[in-house]
Amino acid sequence: MANYKCKNDKCNEVVTATKKPGKCTKCGKNKGWDLVVTATTTGRDTSDVPEWDNAATTALTAANLVTGSTLSTLGGQHGLPNAACLGAVYDAIEVPAGGSDRNAIYFNAFSANYDNDTSKLAKTDLASNAPFAINSTASHCAERALWKSISGSLTGVTLLGIGQTTRPCLSCCARYRALAASKNITILIYFDKKYDSLPGNTWLLFPATAGTAMYTT
């Protein structure tokens, strides 16, 4: 369940639902809905997130990156879904606004399942243009706060799509990689800005299998 706010500025009705509603019952309009996310852009997340913290203790390195592939060629390999599924997840990812904010990384995130018979992606929005603070300690990165907010909504799904304004650091990549395997969920991330001397404006793919390989173009 998630909270959604009507985009009609004269209404701003907030409802709790499993997916975005249709017409607003309060104002009668169908202007769309924003996911309501409680987040902070200041301070450090010191709350207990054992799943994230314990997933990995050693950062990955650039040597763990497997480069030179496309989603089409990776489909069906390394325990990954087929190319059509990966393409559908990629097409559904949107990089959020907020790229000029130097104090936070902004995230869009959704969980999903893919129906091979109908070629349809059934997704549930988990974060919409949500800002989380940038901190100097790797174990308290913005990705940690994101995971805390979405981890309880990943039961019964096989896919996680994330759009973020800055590339995840290699410590966060280690945790994404380990959690993809432990939760049996494929994670695809697209980002704008570069980080760790590695390029931006590209994607990272974490398969739902054991290992340390992560895939990119």
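**Entry 1: a term to start with.** I call a residue buried when its relative accessible area is under 20%, and exposed when that area is over 50%. I also note here that I am looking at a predicted model.

**Entry 2: Leu204.** Is Leu204 buried or exposed? I looked up its relative accessibility and found 0%, so Leu204 counts as buried. I located Leu204 in strand 9, which covers residues 202-206. Next I asked which residues Leu204 touches, leaving out those up to four places away in sequence. My list includes Leu65, Arg167, Pro168 and Cys173, and it also includes Ile187, Leu188, Ile189 and Phe191. Met214, Tyr215 and Thr216 are on that list too. I also checked Thr67, which is 137 residues from Leu204 along the chain; their C-alpha atoms are separated by 9.8 Å.

**Entry 3: Phe206 and the core.** I moved on to Phe206 and looked up its contacts beyond four places in sequence. Among them are Cys173, Tyr176, Arg177, Ala180, Ile187 and Met214. Phe206 is also one of the residues with the most contacts inside the largest nonpolar core, alongside Trp147, Leu160, Ile162, Tyr176 and Ile187. I read off 38 residues for this core. Which elements each supply at least two of its residues? I found strands 5, 6, 7, 8 and 9, together with helix 4 (142-150) and helix 5 (170-182). Helix 5 gives the largest share of this core, seven residues. I then found a second, separate core, with 18 residues, including Leu80, Ala88, Ile93 and Leu188.

**Entry 4: helix 3.** At the N-terminal end of helix 3 I found a cap: a side-chain oxygen of Asn82 lies 3.3 Å from the backbone nitrogen of Ala84.

Entry 5: I finished with confidence. The chain has a mean pLDDT of 88, and 88% of its residues reach 70 or more. Over residues 38-45, pLDDT stays under 50, and the model has 21 contacts beyond four places in sequence for them. Where pLDDT is low, the predicted coordinates should not be read in detail.

Key:
Residues are numbered from 1 along each chain as its sequence is written. This is a predicted model: local features need pLDDT of at least 70, side-chain atom pairs count only at pLDDT 80 or more; totals for chains, interfaces and linings use all residues. Side-chain values use heavy atoms; hydrogens and water are left out. pLDDT is the predictor's confidence in each residue, from 0 to 100. Contact means heavy atoms within 4.5 Å. Helices (H or I, at least four residues) and strands (E, at least two) are DSSP runs, numbered from the N terminus. Buried means under 20% relative accessible area, exposed over 50%, partly exposed in between (1.4 Å probe, protein chains only). A polar contact is a pair of N or O atoms within 3.5 Å; within protein, one must be able to donate a hydrogen and the other to accept it, and residues adjacent in sequence count only if both atoms are side-chain atoms. A nonpolar core is a set of buried Ala, Val, Leu, Ile, Met, Phe, Trp, Tyr and Cys residues joined through side-chain atoms within 4.5 Å.
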